[in-house]
Each structure stands twice: as structure tokens, then as C-alpha cells.
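Here are my notes for your first look through the model. Keep the viewer open and follow along point by point.

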Amino acid sequence: MSDKPENFSGPGDFIDLLERSGYSWPKAIAGLTAIDKASVPQGTTVMAFHFKDGVIVAGDRRATAGNAIMYERCDKVIPIDDFSLMAIAGVPATAFEMARILSHNFEYYRRSQLQPLSTEGKIRALSKLLKDNMGLAMQGVGAVSPIFASYDQREAKPYIYFYDILGAQFEIQTHTATGSGSPVIRGILEYEDLWGAQKLGQRTLKEAAQLAIRLLQTAGQFDSATGQGRPEDKIYPVIASITDQGYRFMPEEELAVLFQESTKRK
Amino acid sequence: MFDEPFRWMEAISTRHSYVQEKLKKGQPVLAVPYKEGALVMGFAAQPGKIFEVYDRIALGSLGHPADVERLRMTLLDMAHLEGFNRSEKDVTLARLLQFGIAPAMKQNFEEVMRAPYLVKLLFAEIDFDNRPSFFRLNYDGHWEMFKKGAVISGNDKESEWIQKQIEQTDFASLSLKQALKEACRLWEEGKKQGSPESEDSDEQPTTLAEAFDRWTLEAALLSTATERRALYRVVTPDEIEPLKSAAK
């Protein structure tokens with residue numbers, strides 16, 4: 001009989017609870033040598049950058065499988081808790097499952113331990129999920145490359161982290177983007193931050209949201225896997241922010257006006 | 001020892017008396033509706049009476065802290081597993097009680113060689129149509145549902161009186177400030193109504209002024225006035241301060 005208390009492996013750990021209930025994260029599929037990646041839907045372009053009051057997290061809405069457009073209303077920015085968002089690029093099936101696990105993990109910890117999980121703990125939790133997913137990621141059927149953004153209430157400071165598909169985490173001081181359209185917009189973000197009218201971190205929410213809309217439209221121009229906004233069908237990019245008040249998704253009515261303003265030619 | 005029905009019934013009766021005696025000093029916890037949701041409140045010498053269970057479920061408790069903790073964790077585990085495996089919309093108090101915790105508590109209570117749970121639990125829930133409902137769970141697994149609010153207390157006289165008042169008060173039309181004030185008034189009046197039964201009334205606060213002076217008012221809301229998925233929030237010291245000042 002073990003001397004360890006029942007919950008030694010992690011008090012308040014929802015993943016531990018899940019495993020005790022019989023759940024297990026899928027491992028690499030034995031004997032699977034190759035898969036037609038074109039048959040697996042993929043997420044495309046998401047980004048995050050600091051603005052004056054916090055961080056902005058944005059993404060296009062398209063999901064593709066190879067050359068096929070599978071879905072034009074995919075939400076790739078997912079709320080995890082009141083102060084955290086995850087933006088996903090990669091295989092939605094894996095990414096959505098990770099987001100669901102993380103969301104329950106953070107809420108379960110907060111409720112059971114009567115205090116929120118630290119920002120470091122949140123960052124580590126996503127890294128662990130990605131490491132556990134290494135088998136599927138290497139087989140090419142479950143690769144996810146997320147961005148995690150959170151507001152640390154204790155430090156009164158927002159954070160952005162970028163992850164590679166194996167779980168390495170990198171803190172981002174200014175801006176980051178991931179997905180197939182990201183090379184297009186990373187260069188513009190860097191340019192805007194260094195030589196734009198204002199540094200990214202000094203911009204208002206409206207200015208930041210406007211930039212995000214323009215960047216995603218630009219990415220959509222050069223990358224077929226990134227969907228441009230289609231106001232006639234009420235398809236707009238997802239624009240969310242995190243401040244000391246928590247996360248907020250820009251509502252459709254607000255987005256419709258801002259989209260028109262942002263995409264108007266000069 | 002319990003092979004005759006009479007012996008078993010006697011043992012159960014003794015067990016009821018034992019638990020009731022242990023819970024006698026349990027302070028009232030009230031759960032009532034208000035204009036924007038549900039309020040749970042109670043005074044406590046030690047914080048740890050009111051908790052969040054899930055997005056739309058709050059728990060109030062009295063009794064032995066270790067037993068409260070064990071049942072709270074059981075509820076958290078059940079709710080979060082159900083929310084993850086199915087949907088947060090499938091996490092309802094009626095299901096958690098009827099198919100989860102109540103049968104287990106009944107079994108525990110009737111196994112007379114095991115230590116019984118020394119608890120009374122009170123729940124508030126806001127459904128997906130934003131309607132509140134209230135539940136009371138006894139140490140023996142018996143549970144009841146209320147529409148207008150509910151109370152638990154170690155003192156039966158006190159809880160019966162407060163429950164009657166809750167039924168007669170239109171809490172659902174009150175603002176948070178008014179509902180808090182009215183709930184505090186019922187708490188204080190309930191103390192007066194229940195005082196003859198209490199032998200140690202001189203040791204415990206019986207007025208709001210004494211309660212604020214010696215104890216902490218714990219209060220939490222399930223507020224529909226939020227865009228967040230989780231409706232639970234703790235009532236802030238700023239929201240409690242006017243009550244404290246008025247009680248002096």
C-alpha cells in the first residue's frame with residue numbers, strides 16, 4: 001500500500017481526475033506510417049500582441065483540409081478561463097480537446113483549491129498537454145501550435161506565450177503569430193512595432209483591433225488557407241482582448257462597423 | 001447486535017440524535033433569489049461556509065469542516081467530469097443530488113457502524129433560462145427543492161422560522177443590496193426566534209452588531225448580470241460595508 005495521500009499526484013489537478021475516471025490522451029497510432037494530411041482539417045492564422053491595456057488575440061475563421069475549404073466559421077480563439085485565451089493553429093480536433101481540458105483544469109483547480117492557478121501553472125499545463133501529444137504530432141495527425149494569452153491578476157500584467165508543437169514555450173514581449181498565414185503578418189507586425197505610427201504596446205484597443213483585421217485580410221490575400229472576412233455573409237475575424245477586467249470578444253455588431261472602417265481603401 | 005428490526009431502528013434513532021446534537025451550534029446559511037440571480041450568505045467564525053461547485057451552482061454548508069470538504073470535493077469531481085464528458089448544460093443539481101451524492105449519504109447514514117457525516121448542505125442553482133432554484137440536503141441523504149429560497153441551521157426552531165419568512169418574502173424582486181439587507185434581518189430575527197432552544201446563546205452572537213464584530217459575513221452570488229460562463233462571485237467587502245455600518 002502506498003504511503004502517498006490519495007491526491008498526492010496533484011491536488012486540484014483535473015487531468016489526474018480524468019485519468020482516474022478512465023480517460024487517456026490518445027497515443028501515437030502503432031503501425032501508422034503515413035497519413036494523407038489533406039484529409040485532416042487544419043486551422044490557419046492566429047496572432048496575439050500587446051496593446052495599451054492588455055493583449056489582443058485574433059484569428060481568421062477558415063478551416064481547410066489540403067486545398068479544400070472545410071469550414072468558414074471556425075472559432076480559433078477559445079476562452080479558457082476568465083483571464084485566459086488560447087488561439088489555435090493546427091488540427092482542430094486536438095486543439096479543441098486541449099482547450100476543453102485546460103478550461104476544466106483551471107476551473108477545477110480554482111474551485112477545489114480556493115485560489116486561481118498561477119500564470120506559471122497555466123502556462124506549464126498547456127506545455128504538458130503538448131508534450132503528451134508528441135506521438136500524434138510527429139505522426140502528422142494531431143499537430144497543434146497554439147498561442148496562450150493570460151492576464152496575471154497578482155502581477156497586474158498580461159502575458160503572451162507561443163508554443164511549438166512539442167510543447168516548448170516562449171514568452172512574447174511584443175507580438176506573435178502562428179499558422180500558415182503567419183509569415184505574411186509577422187513581418188508587418190514587426191514593422192509596425194518598430195516604425196509604425198505608434199509602438200504596438202501604446203495603441204488603443206480600437207487601433208489594435210483595426211490592425212488585426214487588416215493583417216488577417218492581408219494574410220488571406222497571400223495564403224489560401226486563411227479566410228478573409230465576408231461581411232455579406234456576416235463572417236468576420238475573431239477579435240478578443242484580455243485586460244484587468246478579463247477577456248472580451250468583440251461582438252458582431254461592433255465588428256461589422258470596425259471591419260468596414262478598417263478595410264475601406266484610402 | 002442489529003439482527004432485530006427494533007435494535008436497528010433504535011440505533012438509527014440514536015444516530016439521528018447524535019448528529020443533531022453535533023450540529024446544534026451550526027449557524028444559519030440562507031440562499032435566496034434576488035433580481036439578478038441568487039444570493040447565499042451566512043456568518044461564520046471561520047471562513048469556509050460557502051463555495052462554488054460549478055458554473056451555475058453554489059454551495060452553503062454547516063457542520064464538520066472535514067465532512068463538508070469531503071462532500072464538496074465529491075460534488076466538484078462529479079460536476080467537472082460530467083461537464084467535460086458531456087456538456088456544462090448536463091450539470092444540474094437535481095442530477096448531482098438524486099443520482100450522486102444523496103444515495104451515498106443515505107447509505108452512509110444507515111451503515112450504523114460507520115461514522116456519519118456531520119453536515120447539512122444548501123445549494124443554489126441558476127438554470128439556463130436564468131431561473132433560480134434552491135436545494136437542501138440533510139446528513140441522512142434526504143433532499144428537498146425550494147423555489148423561493150431555503151435555509152439550513154443547527155437549530156430547528158430557527159430554521160423553521162427563517163424558512164417561513166423566506167417563503168413570505170418576494171426576494172426575487174429585490175436588488176442585491178436589498179436582498180442582502182433582508183437576509184441579514186432574517187438571520188438576526190431567526191436568532192431571537194430560536195433562542196429558547198439554545199443553551200449557549202450567551203456564548204454566540206445573537207445580533208447583527210455582535211456577528212459583524214466577532215465573525216465574518218460570507219456571501220456569494222450566482223449573478224446573471226455577467227457575460228462569463230461561471231456565474232459565481234464572492235460579495236465584495238465594499239458591498240458588505242453598508243450592512244456593517246448599519247448594524248452598529
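1. A quick term before we start: two residues count as being in contact if their C-beta atoms, placed from the backbone, lie within 7 Å. With that in hand, look at chain A of this predicted model, where M98(A), I101(A), L102(A), N105(A) and F106(A) of α2(A) meet K122(A), A125(A), L126(A) and L129(A) of α3(A). By type, that contact has seven nonpolar residues, one polar and one charged.

2. How do those two helices sit against each other? Two packed helices are described by the angle between their axes and the distance between the axes. Helix α2 (residues 92–113) and helix α3 (residues 119–132) of chain A have axes that come within 11 Å and cross at roughly 145°. The crossing of α2(A) past α3(A) is right-handed.

3. Now move along chain A to helix α5 (residues 182–195) and helix α6 (residues 205–222), whose axes come within 9 Å and cross at roughly 145°. This crossing is right-handed. On the α5(A) side you'll find V184(A), I185(A), I188(A), L189(A) and E192(A), and they face L211(A), L215(A), T218(A), A219(A) and F222(A) of α6(A). Eight residues of this contact are nonpolar, one is polar and one is charged.

4. Next, the nonpolar core. The largest one holds 141 residues, and those touching the most other members are I56(A), V57(A), L85(A), A212(A), L39(B), V40(B) and A58(B).

5. Over in chain B, five strands make an open sheet in the order β8-β1-β2-β9-β10, with antiparallel pairing. Why do β8 (150–152) and β10 (232–234) of chain B each have one side without a neighbour in the sheet? They stand at the edges with a single partner strand each, so there is nothing in the sheet on that side. From one strand to the next, the twist averages 20°.

6. Strand β9 (residues 216–223) of chain B is joined to β10(B) by three bridges, and the two run antiparallel. L222(B) has Y232(B) of β10(B) as its bridge partner. Elsewhere, helix α4 (residues 156–168) of chain B lies across β1 (29–34) and β8 of chain B, running at about 170° to β8(B).

7. Last, where the chains meet: eleven residues of chain A and ten of chain B take part in the contact. Helix α2 (residues 65–85) of chain B gives the most to its chain's side, with seven residues. That side of chain B is made up of five nonpolar, two polar and three charged residues.

Methods:
Residues are numbered from 1 along each chain as its sequence is written. Chains are lettered from A and ligands numbered from 1 in the order in which they are written. This is a predicted model: local features need pLDDT of at least 70, side-chain atom pairs count only at pLDDT 80 or more; totals for chains, interfaces and linings use all residues. Helices (H or I, at least four residues) and strands (E, at least two) are DSSP runs, numbered from the N terminus. Ala, Val, Leu, Ile, Met, Phe, Trp, Tyr, Cys and Pro count as nonpolar, Asp, Glu, Lys and Arg as charged, and the others, Gly among them, as polar. A nonpolar core is a set of buried Ala, Val, Leu, Ile, Met, Phe, Trp, Tyr and Cys residues joined through C-beta atoms within 7 Å. A residue is buried if 20 or more other C-beta atoms lie within 10 Å of its own, exposed if 12 or fewer, and partly exposed in between; C-beta atoms are placed from the backbone. Two strands pair if DSSP finds at least two bridges between them. Axes are lines fitted to C-alpha atoms, for helices over the stretch in contact, and angles run from 0 to 180 degrees between N-to-C directions. A crossing is left-handed if the near helix is turned anticlockwise from the far one by less than a right angle, and right-handed if clockwise.
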